[in-house]
Amino acid sequence: MSIPRQLPNAITIARIPLAVVFFVLLLLGGTYGDGDIVLRWVAAALFIVAISTDWVDGYLARRYDIVSDFGKLWDPIADKLLTGAGFIGLAILGEVNWWLVAIILVREWGITLHRLMIVNEHVVAAAWMGKIKTAVQGVALSWALLPLHVLIGREPWTLVTAVLMVIVLVLTVASGIDYIVAQVRGARRAS
């Protein structure tokens, strides 16, 4: 079976407008206690579908040996737009602390900007720790976005959300340090 060579890249790029639509729906849906529960479910479902495409495009690119520099560069950017929209939306709604979101976003966009600055020298693909971090962010955000408090109660839902966000924070910082160390080692080897 053959697939179009640009399909993984098209899936990656599709996450960008999905991030915008998701963000708008999340804000229109409002907070877990006072908002429109249907819009919240729709926003959460859209996020889950969009974040799942990260696995799909990567799988297709590796399976059919069509990994590209474009995909290596734009895949993490699309991920950061989507997860960033989730973190910012939850902070706007008061469901996640702004300080946590600020630390995560500084790390995410700092490394993304670095990747863009060195793109003419070489493209830096995501490392294993960064991939784990992205997967855990996807799980944690999915949990926080789903209005599961209506099924399990507000306190258990809030507790699980808080624990997941701390795990995300630790992995985000650790993977950022891992990236910086790898870049410094690579620069030393190159000189």
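In what order do the elements of the protein run from the N terminus on? The order is α-α-α-α-α-α-α, and the protein has seven helices and zero strands, where helices (H or I, at least four residues) and strands (E, at least two) are DSSP runs numbered from the N terminus. The radius of gyration, taken over C-alpha atoms, is 17 Å, close to the 16 Å that the globule rule gives for 191 residues, so the protein is as compact as a globular protein of that length; the rule is 2.2 Å times the number of residues to the power 0.38.

The model is predicted, with pLDDT of at least 70 required for local features and 80 or more for side-chain atom pairs, while totals for chains, interfaces and linings use all residues. Residues are numbered from 1 along each chain as its sequence is written, and side-chain values use heavy atoms, with hydrogens and water left out.

Along the principal axes, the C-alpha atoms fill a box of roughly 55 × 40 × 20 Å. Buried residues (under 20% relative accessible area, 1.4 Å probe, protein chains only; exposed is over 50% and partly exposed lies in between) make up 43% of the 191 residues. Of the contacts (heavy atoms within 4.5 Å) with a separation of 6 or more, 80% are accounted for by residues 24 or more positions apart.

Helix α3 comprises residues 69–92; at 1.5 Å a residue its 24 residues should span 34 Å, and its end C-alpha atoms are 35 Å apart, which agrees. The expected span is 1.5 Å times one less than the number of residues. Because 17 of the 24 residues of α3 are buried, the helix is largely enclosed by the rest of the structure. Just after α3, Gly 94 takes a positive phi of about 80 degrees.

Helix α7 (residues 154–190) contains Ser 175, which is buried, with a relative accessible area of 3%. Leaving aside residues up to four places away in sequence, Ser 175 touches Arg 107, Met 129, Gly 130 and Lys 133.

The accessible surface (Shrake-Rupley method, 1.4 Å probe; for residues, only the protein chains shown count as cover) comes to about 10,100 Å², of which 70% belongs to carbon and sulfur atoms. On this surface, Ile 37, Val 38, Trp 41, Val 42, Val 150, Leu 151 and Ile 152 form a nonpolar patch with about 620 Å² of accessible area together. The elements giving two or more residues to the nonpolar patch are α2 (37–63) and α6 (149–152). Helix α2 supplies the largest share, four residues. Patch residues have over 30% relative accessible area and no salt bridge, and nonpolar side chains (Val, Leu, Ile, Met, Phe, Trp, Tyr) are joined within 5 Å, like charges within 9 Å; a salt bridge is a side-chain nitrogen of Lys or Arg within 4 Å of a carboxyl oxygen of Asp or Glu. Val 42 lies in helix α2 and is partly exposed, with a relative accessible area of 39%.
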